[in-house]
Amino acid sequence: MRKVAIVGTGHTPFTFATEKTSIELFSEAAMDAINEAGLKSKDMQALYLGNCLGDFSEGQAMMQSYAANDIGAFHIPATRFEGACASSSLAVRDAFIWVASGFYDVVLVGGVERAASMGTSLATRTFAMFTDSHYEYPAGLTFPAMFAMLAHLYSHKYGVPLERLKEQMAQVSVQSHAYGMSNPKAQFHKEITKEDVLNGFMVTSPLQLLDCCPFSDGAAALVLVSEEKAKELTDKPVFITGIGQASSGRLSAQKDDLPRLRAREESAKQAYDLAGIKPSDVDLCELHDCFSIASLIAAESLGFFEFGKAGEAWEKGETKIGGKIPINVSGGLKAKGHPIGATGASQVSEIYHQLRGEAGERQVEGAKIGLTDTLGGDGVICTLIMEKGW
Amino acid sequence: MDYKLTFKDYSKALTKGTLLGLKCKTCGNITTPPKMTCQECGGTDLEVVEVKKKGKIVTFTNVSVAPEGRQNEVPYIIVLVRLDEGPWIMGNLIDIDPASANMDLIGRDVSVGFKIFPGDKFSPGDQARPVFSFS
Ligand SMILES: [Zn+2]
């Protein structure tokens, strides 16, 4: 297996409803990534594009083909990845495998979504398609409702009284908004307080408005190349050294594993094993905080904290820059935004810039190893590990 | 390999007051809602059985923001229930004011009934769904 490097990134601002089309958004991110890599569109040998809901948001399926053509990468093989909110992480993982195998030397990968443009009602309906449509959606299951049930289960199973857990969850959102202030691409540039979270509109108990990430529009793209090709392009390559991916059954089928998601533990183990590292070796992490409670659940299964204890870690500042493991210093899905098909590529982009020392005010000094965790629906999970390559 | 208990047959039985499941002849566990294989061991030697309609609430939420087309249903409570025979199923808790839902619901005994979800433009027609009431 060959080593695979990231040599360019592109990232549109993540925003509320935009008037740009998905193809326009993705093309902007893609050209920025290609330019940053010092390459041309014609150098791209394949495009792997994460997108979930183009069919619903603008009546556009198969956009990968038009996107390749749009940027002048004429007639290259272009493939769409759909893994709900993890779509572009799956695309990155596959791009890695194809370059590592020697089949391609240069692959363009990324994702795009216009979830904000759909409006709350249609977005809530289509996000609910990432649950079991026959056995669970008829009960009115929504995506926040799934994590709301996990929050109550977490409180019960780990003996953290709900009121206490709610405060810990609020701290997750407060931290993300504080870091979002220093990310120019973030959807929100607004500090919030614990009281703001706890006084918010109840979306689905116990999740209030500021426990939930927003609906967002945006795109992100990366150029992945072989180690040999990377040597021609940069003296600061970032290598992908660990990959993992796993799947799950419907929520009710996950039974006693809940509120843990077994798929996350399977995926993380694959990635740690391939990279040959432990959780304590990771210098920063971008994880899937679609809801505040989701951050606690993720951080525990990734091996950063004991089960039932992640909330305390957030409260003690262990997840801040300078703490045990800085988490979501980009602002996370909560403050940076969550254009679902683009989220994984955006997370990887954050790690790339952090490892290169280019993250400005939110730089984690001396970071050498970063990890991304992306969750789709109730159980598609992808874990990626990146390492500084010089 | 034929699918032993399809959604259509499971759904039809539920509307007649019967909760069906699959008993695994390899490990003895019961799987419901149905699948091609046993949820515990992946075994394929399964027999359709009637499952007792009793269980306990494992977790819940009171939903205030509904998907498109279902705004008239809010507020409503969704629960996950562990059936006495092992499997977990999801449905709505009825016979209670949704606003009163709190942590005390966890562990409460419930019995299984049904209601029809008439579907929407994205789903194919009527779908039976479990509902739960206190027993
Ligand atoms: Zn079995």
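Analyst: In chain A, Ser22(A), Ile23(A), Phe26(A) and Ser27(A) of H1(A) meet Met63(A), Tyr66(A), Ala67(A) and Asp70(A) of H3(A), where contact requires C-beta atoms, placed from the backbone, to lie within 7 Å. The residues of this contact divide into 5 nonpolar, 2 polar and 1 charged, with Ala, Val, Leu, Ile, Met, Phe, Trp, Tyr, Cys and Pro counted as nonpolar, Asp, Glu, Lys and Arg as charged, and the others, Gly among them, as polar. The model is predicted, so local features need pLDDT of at least 70 and side-chain atom pairs count only at pLDDT 80 or more, while totals for chains, interfaces and linings use all residues. Residues are numbered from 1 along each chain as its sequence is written, and chains are lettered from A and ligands numbered from 1 in the order in which they are written.

User: Why are H1(A) and H3(A) called oblique to each other?

Analyst: Helix H1 (residues 22-37) of chain A and helix H3 (residues 63-70) of chain A pack at an angle of about 50°, with their axes 10 Å apart; the axes are lines fitted to C-alpha atoms, for helices over the stretch in contact, and angles run from 0 to 180 degrees between N-to-C directions. Angles under 35 degrees count as roughly parallel, over 145 as roughly antiparallel, 65 to 115 as roughly perpendicular and the rest as oblique, and H1(A) and H3(A) are therefore oblique. Their crossing is right-handed, a term used if the near helix is turned clockwise from the far one by less than a right angle, and left-handed if anticlockwise.

User: What makes H6(A) oblique to H11(A), and which residues of H6(A) and H11(A) meet?

Analyst: H6(A) packs with helix H11 (residues 292-301) of chain A at an angle of about 60°, with the axes 9 Å apart, and that angle makes H6(A) oblique to H11(A). The crossing of H6(A) and H11(A) is left-handed. Phe147(A), Leu150(A), Ala151(A) and Tyr154(A) in H6(A) meet Ile293(A), Ala294(A) and Ile297(A) in H11(A), and by class this contact has 7 nonpolar, no polar and no charged residues.

User: Why is chain A described as being as compact as a globular protein of its length?

Analyst: Chain A contains 14 helices and 11 strands, where helices (H or I, at least four residues) and strands (E, at least two) are DSSP runs, numbered from the N terminus. Its radius of gyration is 19 Å, close to the 21 Å that the globule rule gives for 390 residues, so chain A is as compact as a globular protein of that length; the radius is taken over C-alpha atoms, and the rule is 2.2 Å times the number of residues to the power 0.38.

User: Which domains does the assignment give for chain A, and where do their bounds come from?

Analyst: The assignment gives domain 1 (4-119 + 215-239) and domain 2 (142-213 + 244-388) of chain A, with bounds that come from an automatic or database domain assignment. Taken over C-alpha atoms, 23 Å separate the two centres, and the contact takes 36 residues from domain 1 and 34 residues from domain 2.

User: How many residues of chain A are in contact with chain B, and which element gives the largest share of the side of chain A?

Analyst: In this contact, 31 residues of chain A face 32 residues of chain B. The largest share of the side of chain A that touches chain B, 7 residues, comes from H6(A), and by class that side has 15 nonpolar, 13 polar and 3 charged residues.

Note on methods
Contact = placed C-beta atoms within 7 Å.
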